[in-house]
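These are my notebook entries on a structure I looked through chain by chain. I begin with strand pairing between the chains.

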There are 2 protein chains.
Amino acid sequence: MKVTIKEIAERAGVSKATVSRVLNNSKPVSNDIRVRVMAVVEATGFKPNAVARSLSMKKSHLIGIIIPDLSNPVFSKIIQGIEAKLRETAYSLVIAATDFEASKKREHIEVFKDRGIDGLILITDDGDNTLEMLADFDKPVVMIGTGQMSDEIPVVKIDNYAAAKAMTEKLLSLGHTSIAMIRGPLTDIQSGRERFRGYRDVLQLHGCYDEALVFSGMYTFENGYEAMEKLMKDERPVSAVFCANDLMAVGAMRFAVEKGFRIPEEIAFAGFDDVDIACMMTPSLTTIRQPFAMKGETAIKVLFELIEGSEKLDKMVYELPFELIERESTSKI
Amino acid sequence: MKVTIKEIAERAGVSKATVSRVLNNSKPVSNDIRVRVMAVVEATGFKPNAVARSLSMKKSHLIGIIIPDLSNPVFSKIIQGIEAKLRETAYSLVIAATDFEASKKREHIEVFKDRGIDGLILITDDGDNTLEMLADFDKPVVMIGTGQMSDEIPVVKIDNYAAAKAMTEKLLSLGHTSIAMIRGPLTDIQSGRERFRGYRDVLQLHGCYDEALVFSGMYTFENGYEAMEKLMKDERPVSAVFCANDLMAVGAMRFAVEKGFRIPEEIAFAGFDDVDIACMMTPSLTTIRQPFAMKGETAIKVLFELIEGSEKLDKMVYELPFELIERESTSKI
DNA sequence: TTGAAAGCGCTAACAC
DNA sequence: GTGTTAGCGCTTTCAA
């Protein structure tokens with residue numbers, strides 16, 4: 001049987017309260033008693049039961065995270081950042097995946113509520129009444145990656161619009177004028193939409209936006225491949241393709257290679273995210289690097305300010321820097 | 001304030017005990033009381049506090065998982081399987097990463113112990129006194145991916161030896177005779193060693209094993225690249241390279257391509273794992289497919305038998321099937 | 001079938 | 001400084 005605080009108290013000849021005070025430094029305790037208690041604690045290897053503690057303190061020391069898909073590197077890098085940061089604290093990380101289904105998201109939020117988690121991080125790309133699900137959730141919440149959905153909930157993100165603009169401008173500066181885009185699904189009204197807007201606005205400014213050059217996919221390799229197939233069927237002259245994420249870029253490149261095109265000489269490609277695969281490809285992929293780990297760390301930092309800090313947050317949108325990484329899939333025309 | 005069982009009891013005009021019985025179906029309750037209680041429960045949206053429940057039942061409904069690295073797709077696919085399976089149950093998943101450091105593993109095990117998790121899944125590739133760390137951990141544990149370290153702890157794995165043999169035989173059957181291997185680090189005495197042994201034994205049997213053709217790396221893209229560099233420096237005639245995982249294979253291929261070799265015509269490559277990148281590469285990678293999700297699911301299944309089942313396990317080693325996937329990086333010589 | 005009461009292991013008023 | 005006591009919200013004997 002696990003040893004309890006009661007036993008420690010008896011063995012040390014003090015009360016449970018005193019043991020608790022020694023362990024938590026919550027109130028002054030005379031030195032000799034402190035020593036005596038610590039001796040027993042060490043001798044027995046006593047560790048307070050976290051569950052009992054939670055019940056008493058109304059604090060679970062659990063942080064929940066809800067994520068669409070665990071196997072997507074974009075998300076797992078974020079979790080990695082979160083986990084690393086959390087390890088410095090007394091909190092543990094509870095993970096739940098939604099497979100992009102709103103019903104599962106709702107369910108997980110309920111479970112987390114019952115578990116009394118102390119804070120929640122939501123990685124989500126959508127607006128499907130998440131806010132409503134969170135309505136009677138009275139613990140701090142931080143969102144990652146989406147636009148701001150409420151001025152109650154802080155958001156950690158990058159400036160997708162600016163990043164897409166930067167990439168489009170880069171392609172223009174390399175001499176491309178007919179630049180296609182494989183964007184995210186039209187239902188992605190968050191980052192996907194921003195990336196598209198950045199692309200479109202820059203091209204419009206330069207008078208070379210062509211709606212017929214815009215395709216879309218669900219951010220998968222296969223979708224990128226298929227979108228590229230459609231794109232090439234049109235036989236319009238396209239010298240560069242900007243994809244809304246790396247996976248689609250890799251899929252699109254694959255199709256182009258199969259059709260015998262040389263990259264970047266005949267057609268250039270750019271992605272978005274800079275997941276590992278981007279630099280492993282041949283040719284390696286020009287892309288926008290997102291600071292995934294930093295996203296996770298920042299989310300935790302903000303969440304803790306909310307949990308422990310008494311002060312109000314100084315801002316609600318935490319915009320992290322991105323970086324344009326030029327690799328082999330693009331070159332001067 | 002959250003509504004408690006006491007309130008429900010008062011509003012329904014019954015005792016707390018009865019409410020508990022209704023909620024848990026733990027004892028018969030007369031029908032009209034059951035209806036009355038349920039009505040109040042629904043009206044208030046009452047959900048029992050999981051922490052209090054844990055304390056009382058000595059069951060946290062938490063499953064812990066310790067993993068080396070969250071961003072490695074090999075691991076995150078396993079977690080995905082675990083999470084999916086766990087979602088069907090009343091348990092939640094607590095995750096901790098070790099970054100391959102034994103000290104962090106020890107720490108996490110301690111934390112999990114205090115939290116009273118009901119079961120632990122360990123994904124680990126090493127033998128660093130994990131057993132000792134688990135010594136006074138009295139909850140069920142299941143290991144994934146390693147050889148069997150103790151006959152107390154069940155293991156879920158694939159037959160790495162057989163898989164490596166199969167791949168080596170495949171390469172032989174394609175006409176290759178000088179087959180190099182980029183194996184895992186010598187310190188990996190688990191799956192890494194098995195994969196090497198499979199390779200070596202088959203080649204020895206065919207009289208074409210050459211120790212000088214064996215290189216090693218830490219399973220990263222960079223290590224694969226560097227190993228390939230060394231390999232080619234020797235200028236021995238090698239027609240195929242079998243890598244202990246996909247990432248190293250991709251790295252090695254990258255080097256070969258940079259040196260102007262054509263794959264698979266001039267040199268063939270095979271990997272191990274079948275992570276997503278394997279089929280996204282050009283040329284796509286011949287490899288051994290591991291049933292990652294099934295590994296996770298099986299681990300959970302076994303863990304639950306241990307947690308809930310009264311019976312003893314019928315076996316301690318759960319060996320899952322692998323599959324050799326032939327793609328473009330190999331061809332008949 | 002139902003209720004009263006004890007207890008899970010800890011923390012935190014409140015007294016001394 | 002230290003001990004006593006009353007919870008935290010639930011489950012589960014034990015009686016009735």
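**Entry 1: strand pairing.** I found that strand S2 (residues 92-97) of chain A and S2(B) pair in the antiparallel sense over three bridges. Here two strands pair if DSSP finds at least two bridges between them. Helices (H or I, at least four residues) and strands (E, at least two) are DSSP runs, numbered from the N terminus. Across this pairing, Leu93(A) stands opposite Ile95(B) in S2(B).

**Entry 2: conventions.** I note that the model is predicted, that local features need pLDDT of at least 70 and side-chain atom pairs count only at pLDDT 80 or more, while totals for chains, interfaces and linings use all residues. Residues are numbered from 1 along each chain as its sequence is written, and chains are lettered from A and ligands numbered from 1 in the order in which they are written.

**Entry 3: chain contacts.** I recorded 33 residues of chain B in contact with 32 residues of chain A (C-beta atoms, placed from the backbone, within 7 Å). The side of chain B that touches chain A has 18 nonpolar, nine polar and six charged residues. Ala, Val, Leu, Ile, Met, Phe, Trp, Tyr, Cys and Pro count as nonpolar, Asp, Glu, Lys and Arg as charged, and the others, Gly among them, as polar.

**Entry 4: DNA strand C.** I looked up its surroundings and found 28 residues, the closest being Ile5(A), Ala17(A), Ser20(A), Ala52(A) and Ser30(B); near requires a C-beta atom, placed from the backbone, within 6 Å. By class, this surface has 13 nonpolar, 10 polar and five charged residues.

**Entry 5: helix H9 of chain A.** The 15 residues of H9(A) (191-205) should span 21 Å at 1.5 Å a residue, and the end C-alpha atoms are 21 Å apart, which agrees; the expected span is 1.5 Å times one less than the number of residues. Buried residues of H9(A) include Phe196(A), Tyr199(A) and Leu203(A) (20 or more other C-beta atoms within 10 Å of a residue's own, all placed from the backbone). The buried residues of H9(A) pack against helix H8 (160-173), strand S6 (179-183) and strand S8 (240-243) of chain A. Gly207(A), with a positive phi near 65°, follows H9(A).

Note on methods. Two residues are in contact if their C-beta atoms, placed from the backbone, lie within 7 Å. A residue is buried if 20 or more other C-beta atoms lie within 10 Å of its own, exposed if 12 or fewer, and partly exposed in between; C-beta atoms are placed from the backbone.
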